[in-house]
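Trainee: Could we go through the terms used for this model and check each one against its definition?
Mentor: Gladly, let us look at it together.

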Amino acid sequence: MSVDMSQFYQTFFEESVEGLDEMENCLLNLDVGQADPETVNTIFRAAHSIKGGSATFGFAEVAKFTHVMETLLDEMRSGERLVTQEAVDLLLKSVDILRAMLTATQEGQAIEMDPVTRLQSQLEALLGADASLEVKGNGSSNTSANQNKIWDIHFKPHEHLLRTGNDPARIIKELKALGELEIQVDISALPHFKDIEPSASYFSWDFQLTDAGEGKASKEAIEEIFNWVEDDCDLQIIAQENSNVDSVQANTETPTSPKSMPVETRSSEAQASSKGNPEPKTSVKTPVGKKASADSGSIRVSIDKVDALINMVGELVITQSMLGQFGETFEMDQIEKLRDGLVQLERNTRELQENVMRIRMLPISFAFQRFPRVVRDLSQQLGKQVELQLAGEQTELDKTVMEKIGDPLVHLVRNSVDHGIELPEIRKAAGKPEKGHVKLDAYHQGGNVIIEIVDDGAGINKDKVLEKAKERGLVNENDKLSDEQIFDLVFHPGFSTADVVSDVSGRGVGMDVVKRNIRELGGSILVKSEPEKGSTFTIKLPLTLAILDGQLVTVGGETYIIPLVSIIESLQVKKDQVSAIAGTAELYKLRNEYIPVVRLYDLFHCQPISENLEDGLLVVVEGDGQHIGLYVDDLQGQQQVVIKSLETNYRSVEGVSGATILGDGTVALILDITDLIKLSRTIQPGQALDRGMSHSNNQTSNASLVEQNQATNAAA
Amino acid sequence: MSNAVQTLDGDISIDGVAEADQYLTFIMADEEYGVDILRVQEIRGWDSATPIPNTPAYIRGVINLRGVIVPLVDLRERFGIATIDYGPTTVVIVLRVEGAEKERIMGIVVDAVSDVYNVKEGEMKPAPDFGSVGSIDFVRGLVTIDEKMIITLEIDQMLSDQEIGVAVGEE
Amino acid sequence: MARILAVDDSASMRQMVSFTLKGAGHDVQEAKDGVEALGIAKGNKFDLVLTDINMPNMDGISLIKELRQISDYKFTPILTLTTESGTEKKGEGKSAGATGWIVKPFSPDQLLSTIKKVLG
């Protein structure tokens with residue numbers, strides 16, 4: 001039977017990556033000196049699984065390397081070896097090396113063996129010279145080249161042999177397959193009938209096995225048959241035609257013969273599995289990854305999500321059977337029930353769709369989990385003390401976005417540790433705790449995921465940045481820049497001053513690349529910094545496939561969706577609570593606050609049902625810490641919507657974070673509140689006035705569209 | 001993508017229509033225009049579209065094409081031809097547009113679809129030079145079939161990032 | 001055709017074992033650790049149990065011990081899938097009641113020829 005092993009590669013790579021992550025986590029949590037045995041065991045198991053899998057699937061280099069790790073871990077878990085800092089460091093490095101090896105293997109590239117060999121010898125040095133460093137075979141004896149034709153075999157099972165699931169009949173059958181077999185059964189040990197224990201074995205056998213000329217009846221073949229029972233029986237194998245009595249006593253190690261018979265070795269099961277397996281070398285270089293590339297990757301889904309789906313399908317089936325009944329006998333008076341059923345069907349279907357989408361969402365902890373290690377290594381290297389705090393790890397993010405945000409995040413965190421956090425002496429002198437603090441936080445805001453990297457370090461030196469920028473001609477000598485603009489300079493491609501921002505990893509990746517990567521994901525990055533207090537990098541990412549709880553509103557016959565999280569309340573306007581400032585801006589007094597009124601139709605240049613504030617509704621929303629009252633024609637229901645990107649086939653649109661498809665199949669735009677607030681500030685004064693005159697016919701709104709168009713073209 | 005196109009071209013020539021491109025033609029203001037049929041994803045009757053605020057007038061809005069949000073360009077508006085009310089023959093031709101960075105799916109709204117023609121390489125004549133009149137850039141060439149002039153369009157040009165204001169969206 | 005319970009914490013090994021055995025016409029159930037395996041074993045009958053040794057929650061050795069306590073599994077062949085080839089480790093499996101072992105790495109063919117032994 002031929003089995004294409006490559007079909008299991010993807011699973012192997014995935015579980016190995018998970019195993020490595022787990023190893024790394026456990027290693028980081030390991031208390032040197034008093035390691036928790038269960039943690040050590042978990043690490044061991046991960047290494048063990050990778051070794052087993054890589055050997056099985058033919059990745060010899062990986063198997064060989066993990067074997068050394070495993071040996072070390074085995075000693076640790078059995079208590080033979082103390083868990084030292086040195087060992088933990090080496091094991092952490094091994095995790096990195098293994099990751100690289102697996103990635104190379106997956107992508108079909110050759111493994112860079114130098115670092116592997118180097119680390120392996122370090123591990124071996126730690127293990128001590130006497131450790132066995134080969135992937136062991138199954139330990140059965142090697143070949144003995146004797147040409148015996150006839151074997152005498154004495155086989156006396158111990159009483160419990162049957163209870164191990166072994167059956168003498170099986171052994172006899174296999175012996176028969178090797179040649180001609182004469183059998184003598186000794187039943188003398190059989191007790192009296194009433195004393196017979198049915199699960200006990202009382203017989204013993206004497207066999208004479210004669211090779212049938214096929215050379216099959218070798219000693220190894222015979223030993224192999226008894227391999228599993230050698231501890232459960234008395235066994236003697238004696239060669240007849242050879243003066244050299246080559247007998248094997250049970251419970252003794254089989255002597256190893258130095259001779260070898262390559263042809264036989266191949267065919268023997270035991271040998272093929274030992275170190276000489278020739279296959280792995282070639283298969284490591286075959287492009288395994290073509291089939292198993294990251295793009296075709298699979299996804300791990302929590303049982304909860306799957307259960308939710310199963311429940312929904314259950315409901316769907318119930319609805320379907322209910323509707324099915326109508327199909328058989330329908331009376332007009334059941335029309336209401338039929339409608340209810342259809343409504344239910346629609347809901348079921350929608351929920352199912354949304355939840356299927358949710359499967360793509362993963363908690364951001366997948367991206368965060370590598371940071372304890374990053375921070376630990378880097379702070380050690382730099383002689384700094386840094387405490388890393390992770391928050392919002394359960395925030396869900398689309399898998400694709402997650403995969404692409406990893407590297408930029410690493411860069412930013414490294415940057416914070418490297419340039420943000422000061423050396424302990426300096427911190428002490430500045431009256432700060434010696435231990436610096438870096439916080440990684442994630443949360444949802446509207447249709448976005450916000451990731452913040454906050455440090456309590458020295459902050460960005462504005463003067464220095466500005467000076468460098470001028471030096472490099474990025475800014476004119478006399479330019480007056482806001483703080484925000486100055487901080488934004490660190491993302492400029494031409495800006496890489498080692499004093500201010502450099503790259504610790506030395507890969508030459510700059511902050512400009514970070515910004516570009518984030519923008520490619522449709523996101524943005526913002527820096528805030530205060531001298532001596534620290535810096536905050538805020539990344540805003542879209543949820544390309546995310547789901548959002550939305551409030552449906554209508555303006556000018558179109559439906560828009562306001563993210564529910566941005567809504568504070570919706571209310572009917574009382575005219576006497578609205579005041580106009582200087583004839584332009586309108587403010588609505590809500591309790592003790594004056595809230596600017598923003599008429600959505602003004603921003604979107606469309607025709608509302610009514611321009612009288614009392615006719616419509618005011619939705620009080622928050623964005624970027626600001627409140628505005630968004631005037632709309634009407635409120636519709638609330639529902640979860642699947643966010644679709646407008647950028648896939650078009651481009652981003654101001655004031656709109658994306659689109660979604662409503663129950664009737666039409667498209668509705670999702671409002672970006674923060675963006676709308678910005679947009680509302682750019683509205684021309686006067687445009688908001690003169691109501692009832694403008695927008696009264698399509699001509700006017702067309703004209704303003706054209707104007708808008710020209711304005712944007714000019715900006716470009 | 002160009003590979004796929006070439007492969008398909010190859011297939012066509014095997015079928016005996018040597019070196020011929022197929023064009024789907026449509027009518028707009030009594031003129032007949034053609035687009036490379038390999039770029040046509042589907043043709044659908046005009047239904048409705050969700051308008052997108054603050055975009056040029058020729059962006060009619062977006063529609064849901066089996067879960068994908070697809071923008072529609074009103075080609076009359078784009079070409080500066082007087083617009084008419086959409087009627088029963090008004091169709092949306094959904095096209096695959098190859099942009100500088102990525103491929104987009106976009107629809108064009110036109111008066112009516114007309115026919116499919118094989119156009120051999122030699123039959124295509126370059127568009128006469130009208131100087132720097134904008135929309136002429138979109139013309140791939142002119143073909144005469146049955147005494148009729150068909151204007152073939154370079155859709156990647158016509159619906160390029162710059163043309164549809166995508167570059168503007170980059171801030 | 002035999003009913004086989006395959007126990008391994010590694011999904012790729014489970015897949016490989018299960019695929020190979022199913023390909024040979026056997027009926028295979030998978031379990032990811034001893035606890036799950038024991039649960040499945042209790043409600044079913046199997047002609048053969050293949051189990052990994054190192055697994056979370058309940059390892060292979062404990063699983064074998066538990067299975068041998070159940071009358072249905074007193075004589076059922078149980079093979080361990082082990083990378084540990086030392087006699088010591090094999091002995092541990094054996095003394096817990098394992099029938100034999102298959103040493104990792106093994107090929108699908110090796111797996112089939114080995115189980116053929118105990119399935120008769």
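The talk below takes up helices, strands and a chain contact in turn.

Mentor: A word on the basis: this is a predicted model, where local features need pLDDT of at least 70, side-chain atom pairs count only at pLDDT 80 or more, and totals for chains, interfaces and linings use all residues. Residues are numbered from 1 along each chain as its sequence is written, while chains are lettered from A and ligands numbered from 1 in the order in which they are written.

Trainee: How many helices and strands are there in chain A?
Mentor: Chain A has 22 helices and 22 strands. Both are DSSP runs numbered from the N terminus: helices are H or I with at least four residues, strands are E with at least two.

Trainee: What makes helix 4 of chain A roughly antiparallel to helix 5 of chain A?
Mentor: The axes of helix 4 (residues 85-106) and helix 5 (residues 113-127) of chain A come within 10 Å and cross at roughly 150°. Axes are lines fitted to C-alpha atoms, for helices over the stretch in contact, and angles run from 0 to 180 degrees between N-to-C directions. Angles under 35 degrees count as roughly parallel, over 145 as roughly antiparallel, 65 to 115 as roughly perpendicular and the rest as oblique. Therefore helix 4 of chain A is roughly antiparallel to helix 5 of chain A.

Trainee: Which residues of the two helices make the contact?
Mentor: Among them are A:Leu90 and A:Ile97 of helix 4 of chain A, and A:Leu119 and A:Leu123 of helix 5 of chain A. Being in contact means that the C-beta atoms of two residues, placed from the backbone, lie within 7 Å.

Trainee: Why is strand 9 of chain A called largely enclosed?
Mentor: Six of the eight residues of strand 9 (residues 448-455) of chain A are buried, so the rest of the structure largely encloses this strand. A residue is buried if 20 or more other C-beta atoms lie within 10 Å of its own, exposed if 12 or fewer, and partly exposed in between, with C-beta atoms placed from the backbone. Across chain A, buried residues make up 34% of the 716 residues.

Trainee: How many residues do chains A and C bring to their contact?
Mentor: Chain C gives 40 residues and chain A gives 31. Helix 1 of chain C supplies the largest share of its side, eight residues.
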